[in-house]
Amino acid sequence: MNVVPLQLKGISQFIGNDDLALLELVTDDGLKQLAVVCEGTMIRQFGMRLSDVPIRHKLLPEVLWTALGGEKKEKMSVLFADFHEGEYIVFLCDEELDKRWPIRASDAVLLATLAKLPMAAEQRVMERCAAPVDTSGKGVVMPMALLPTELLRKELEKAIAREDYEKASHLRDELKKRDSQPS
(Lines give C-alpha, C1' and ligand atoms only; values in the text may rest on other atoms or scores of the structure.)
Protein backbone atom coordinates (compact mmCIF):
# COMPACT_ATOMS: atom_id res chain seq x y z
CA MET A 1 0.00 0.00 0.00
CA ASN A 2 1.45 3.32 -1.13
CA VAL A 3 0.43 6.11 1.28
CA VAL A 4 1.24 9.80 1.56
CA PRO A 5 1.63 11.28 5.08
CA LEU A 6 -0.59 14.28 5.86
CA GLN A 7 -0.81 16.90 8.59
CA LEU A 8 -3.42 19.47 9.53
CA LYS A 9 -2.30 22.88 8.27
CA GLY A 10 -5.33 24.92 9.20
CA ILE A 11 -9.01 25.69 8.80
CA SER A 12 -10.48 28.02 6.18
CA GLN A 13 -14.02 29.40 6.42
CA PHE A 14 -16.32 29.37 3.41
CA ILE A 15 -16.98 32.96 2.37
CA GLY A 16 -20.62 33.77 3.02
CA ASN A 17 -21.28 30.63 5.06
CA ASP A 18 -20.20 30.65 8.71
CA ASP A 19 -21.42 27.10 9.18
CA LEU A 20 -18.94 25.49 6.76
CA ALA A 21 -15.17 25.35 6.66
CA LEU A 22 -12.40 23.37 5.06
CA LEU A 23 -9.80 21.45 7.00
CA GLU A 24 -6.52 21.80 5.11
CA LEU A 25 -4.41 18.64 5.17
CA VAL A 26 -1.00 19.05 3.55
CA THR A 27 1.74 16.68 2.51
CA ASP A 28 5.05 16.74 4.38
CA ASP A 29 6.68 18.70 1.55
CA GLY A 30 3.86 21.29 1.73
CA LEU A 31 3.12 21.11 -2.00
CA LYS A 32 -0.18 19.20 -2.13
CA GLN A 33 -3.30 19.36 0.00
CA LEU A 34 -6.54 17.57 0.64
CA ALA A 35 -9.52 19.63 1.72
CA VAL A 36 -12.13 18.16 4.07
CA VAL A 37 -15.51 19.87 4.40
CA CYS A 38 -16.38 20.55 8.02
CA GLU A 39 -19.67 21.84 9.46
CA GLY A 40 -20.22 24.35 12.27
CA THR A 41 -20.19 21.91 15.19
CA MET A 42 -16.83 20.53 14.14
CA ILE A 43 -15.45 24.01 13.48
CA ARG A 44 -16.08 24.83 17.13
CA GLN A 45 -14.50 21.52 18.23
CA PHE A 46 -11.35 22.30 16.25
CA GLY A 47 -11.32 25.84 17.60
CA MET A 48 -11.20 24.51 21.16
CA ARG A 49 -8.29 22.21 20.31
CA LEU A 50 -6.30 24.75 18.37
CA SER A 51 -6.72 27.44 21.04
CA ASP A 52 -5.93 24.87 23.77
CA VAL A 53 -8.83 25.72 26.12
CA PRO A 54 -8.07 24.94 29.79
CA ILE A 55 -10.81 22.30 30.08
CA ARG A 56 -9.63 20.43 26.98
CA HIS A 57 -8.70 17.30 28.96
CA LYS A 58 -12.33 17.07 30.17
CA LEU A 59 -13.94 17.16 26.72
CA LEU A 60 -15.70 13.96 25.63
CA PRO A 61 -13.36 12.89 22.79
CA GLU A 62 -10.26 13.33 24.98
CA VAL A 63 -11.87 11.52 27.92
CA LEU A 64 -12.99 8.61 25.73
CA TRP A 65 -9.59 8.36 24.07
CA THR A 66 -7.88 8.20 27.46
CA ALA A 67 -10.46 5.81 28.97
CA LEU A 68 -10.13 3.41 26.06
CA GLY A 69 -6.36 3.26 26.52
CA GLY A 70 -5.64 5.54 23.60
CA GLU A 71 -2.60 7.08 25.23
CA LYS A 72 -0.93 3.66 25.04
CA LYS A 73 -1.97 3.03 21.42
CA GLU A 74 1.22 3.69 19.49
CA LYS A 75 0.17 1.78 16.36
CA MET A 76 -2.99 3.81 15.62
CA SER A 77 -3.39 6.00 12.56
CA VAL A 78 -5.96 7.63 10.29
CA LEU A 79 -6.12 6.54 6.66
CA PHE A 80 -7.92 8.31 3.80
CA ALA A 81 -8.49 5.12 1.80
CA ASP A 82 -10.85 6.16 -0.99
CA PHE A 83 -13.29 8.75 -2.27
CA HIS A 84 -16.87 8.23 -3.44
CA GLU A 85 -19.69 10.66 -4.32
CA GLY A 86 -18.08 13.68 -2.68
CA GLU A 87 -17.03 11.87 0.50
CA TYR A 88 -13.76 10.46 1.66
CA ILE A 89 -13.74 6.86 2.85
CA VAL A 90 -11.65 7.09 6.03
CA PHE A 91 -10.57 4.55 8.63
CA LEU A 92 -9.15 4.61 12.11
CA CYS A 93 -6.52 1.88 11.86
CA ASP A 94 -4.98 -0.24 14.60
CA GLU A 95 -1.91 -1.95 13.22
CA GLU A 96 -1.43 -4.03 16.36
CA LEU A 97 -4.93 -5.58 16.16
CA ASP A 98 -4.98 -5.46 12.34
CA LYS A 99 -8.37 -3.69 12.48
CA ARG A 100 -9.98 -0.75 10.71
CA TRP A 101 -13.03 1.21 11.80
CA PRO A 102 -14.84 3.54 9.37
CA ILE A 103 -14.97 7.12 10.58
CA ARG A 104 -16.24 10.40 9.14
CA ALA A 105 -13.39 12.45 7.66
CA SER A 106 -13.76 15.51 9.90
CA ASP A 107 -14.05 13.30 13.01
CA ALA A 108 -10.92 11.42 11.92
CA VAL A 109 -8.95 14.65 11.62
CA LEU A 110 -10.22 15.82 15.02
CA LEU A 111 -9.20 12.52 16.63
CA ALA A 112 -5.80 12.61 14.92
CA THR A 113 -5.32 16.17 16.17
CA LEU A 114 -6.24 15.51 19.80
CA ALA A 115 -4.48 12.11 20.02
CA LYS A 116 -1.50 13.14 17.89
CA LEU A 117 -2.11 10.25 15.49
CA PRO A 118 -0.41 10.06 12.11
CA MET A 119 -2.63 10.68 9.10
CA ALA A 120 -2.08 9.45 5.56
CA ALA A 121 -3.90 9.09 2.26
CA GLU A 122 -3.58 6.31 -0.24
CA GLN A 123 -1.82 7.43 -3.41
CA ARG A 124 -4.99 7.00 -5.52
CA VAL A 125 -6.83 9.43 -3.21
CA MET A 126 -4.06 11.98 -3.63
CA GLU A 127 -4.10 11.56 -7.41
CA ARG A 128 -7.85 12.09 -7.56
CA CYS A 129 -8.47 14.66 -4.82
CA ALA A 130 -5.28 16.56 -4.01
CA ALA A 131 -4.74 20.10 -5.20
CA PRO A 132 -1.63 22.26 -5.16
CA VAL A 133 -1.24 24.33 -2.01
CA ASP A 134 -2.26 27.94 -2.68
CA THR A 135 0.70 30.03 -1.55
CA SER A 136 -1.00 33.33 -2.44
CA GLY A 137 -2.95 33.31 0.82
CA LYS A 138 -6.24 33.80 -1.02
CA GLY A 139 -7.76 30.53 0.15
CA VAL A 140 -7.89 26.81 -0.39
CA VAL A 141 -8.03 25.22 -3.81
CA MET A 142 -10.71 22.54 -3.81
CA PRO A 143 -11.99 20.46 -6.71
CA MET A 144 -15.80 20.47 -6.99
CA ALA A 145 -15.73 16.66 -6.76
CA LEU A 146 -14.84 17.02 -3.07
CA LEU A 147 -18.06 18.74 -2.11
CA PRO A 148 -20.73 16.49 -0.61
CA THR A 149 -23.73 15.93 -2.88
CA GLU A 150 -26.16 17.67 -0.51
CA LEU A 151 -23.95 20.77 -0.42
CA LEU A 152 -23.78 20.79 -4.23
CA ARG A 153 -27.58 20.74 -4.39
CA LYS A 154 -27.85 23.66 -1.97
CA GLU A 155 -25.21 25.63 -3.87
CA LEU A 156 -27.05 24.92 -7.15
CA GLU A 157 -30.25 26.38 -5.67
CA LYS A 158 -28.35 29.47 -4.48
CA ALA A 159 -26.64 29.93 -7.88
CA ILE A 160 -30.00 29.75 -9.67
CA ALA A 161 -31.55 32.21 -7.21
CA ARG A 162 -28.63 34.64 -7.83
CA GLU A 163 -28.99 34.03 -11.58
CA ASP A 164 -25.37 32.82 -11.70
CA TYR A 165 -26.10 30.41 -14.55
CA GLU A 166 -22.46 29.60 -15.32
CA LYS A 167 -21.86 28.34 -11.80
CA ALA A 168 -25.24 26.60 -11.81
CA SER A 169 -24.26 24.80 -15.00
CA HIS A 170 -21.00 23.51 -13.47
CA LEU A 171 -22.84 22.36 -10.34
CA ARG A 172 -25.55 20.66 -12.40
CA ASP A 173 -22.92 18.86 -14.50
CA GLU A 174 -21.18 17.54 -11.38
CA LEU A 175 -24.50 16.32 -9.94
CA LYS A 176 -25.39 14.59 -13.23
CA LYS A 177 -21.98 12.93 -13.28
CA ARG A 178 -22.54 11.57 -9.77
CA ASP A 179 -26.05 10.36 -10.62
CA SER A 180 -24.72 8.41 -13.60
CA GLN A 181 -21.97 6.65 -11.57
CA PRO A 182 -22.80 3.21 -10.17
CA SER A 183 -22.88 3.10 -6.35
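In which handedness of crossing, right-handed or left-handed, does helix 2 pass helix 3? The crossing of helix 2 with helix 3 is right-handed, where a crossing is left-handed if the near helix is turned anticlockwise from the far one by less than a right angle, and right-handed if clockwise. The model is predicted, so that local features need pLDDT of at least 70 and side-chain atom pairs count only at pLDDT 80 or more, while totals for chains, interfaces and linings use all residues. Residues are numbered from 1 along each chain as its sequence is written, and side-chain values use heavy atoms, with hydrogens and water left out.

Helices (H or I, at least four residues) and strands (E, at least two) are taken as DSSP runs, numbered from the N terminus. The axes of helix 2 (residues 60–67) and helix 3 come within 10 Å and cross at roughly 65°, each axis being a line fitted to C-alpha atoms, for helices over the stretch in contact, with angles running from 0 to 180 degrees between N-to-C directions. Helix 2 and helix 3 are therefore roughly perpendicular to each other, given that angles under 35 degrees count as roughly parallel, over 145 as roughly antiparallel, 65 to 115 as roughly perpendicular and the rest as oblique. On the side of helix 2, Pro61, Glu62 and Trp65 meet Leu111, Leu114 and Ala115 of helix 3, contact meaning heavy atoms within 4.5 Å. By class, this contact of helix 2 with helix 3 has 5 nonpolar, no polar and 1 charged residues, where Ala, Val, Leu, Ile, Met, Phe, Trp, Tyr, Cys and Pro count as nonpolar, Asp, Glu, Lys and Arg as charged, and the others, Gly among them, as polar.

Helix 3 also meets helix 1 (residues 40–50), with axes that come within 11 Å and cross at roughly 10°, which makes helix 1 roughly parallel to helix 3. Here Met42, Gln45, Phe46 and Arg49 in helix 1 are in contact with Ser106, Asp107, Val109, Leu110, Thr113 and Leu114 in helix 3, and the residues of this contact divide into 5 nonpolar, 3 polar and 2 charged. Helix 3 itself (residues 105–115) is mostly covered, with 10 of its 11 residues buried, where buried means under 20% relative accessible area, exposed over 50%, and partly exposed in between (1.4 Å probe, protein chains only). Among the buried residues of helix 3 are Leu111, Leu114 and Ala115.

The surroundings of the end of helix 3 involve several loop residues. Lysine 116, which follows helix 3, lies in the loop between helix 3 and strand 7 and has a positive phi of about 55° although it is not a glycine; at 67% relative accessibility, lysine 116 counts as exposed. In the loop between helix 3 and strand 7 (119–122), proline 118 is also found, and proline 118 touches Met76, Ser77 and Val78, not counting residues up to four places away in sequence. Proline 118 and glutamate 74 are 44 residues apart in sequence, with a C-alpha to C-alpha separation of 9.9 Å. Glycine 70, in the loop between helix 2 and strand 4 (76–84), is buried, with a relative accessible area of 5%, and its C-alpha atom is separated by 7.6 Å from that of alanine 115, 45 residues apart along the chain.

The count of aromatic pairs comes to 2, under the rule that rings of Phe, Tyr and Trp (its six-membered ring) pair if their centres lie within 6.5 Å, with planes under 30 degrees apart counted as stacked, over 60 as edge-to-face and the rest as tilted. The ring centres of phenylalanine 80 and tyrosine 88 are 5.2 Å apart and their planes lie at 85°, so the pair is edge-to-face. Phenylalanine 83 and tyrosine 88 form an edge-to-face pair at 5.3 Å centre to centre, with 70° between the planes. Phenylalanine 80 and tyrosine 88 are both buried, as are phenylalanine 83 and tyrosine 88, and Phe80, Phe83 and Tyr88 form one aromatic cluster.

The axes of helix 5 and helix 6 come within 9 Å and cross at roughly 150°; the two helices are therefore roughly antiparallel to each other, and helix 5 passes helix 6 in a left-handed crossing. Residues in this contact include Leu152, Leu156 and Ile160 of helix 5 and Ala168, Leu171 and Leu175 of helix 6, and by class the contact divides into 8 nonpolar, 1 polar and 7 charged residues. In the loop between helix 5 (149–161) and helix 6 (165–180), glutamate 163 has a positive phi of about 60° although it is not a glycine, and glutamate 163 is exposed, with a relative accessible area of 57%.
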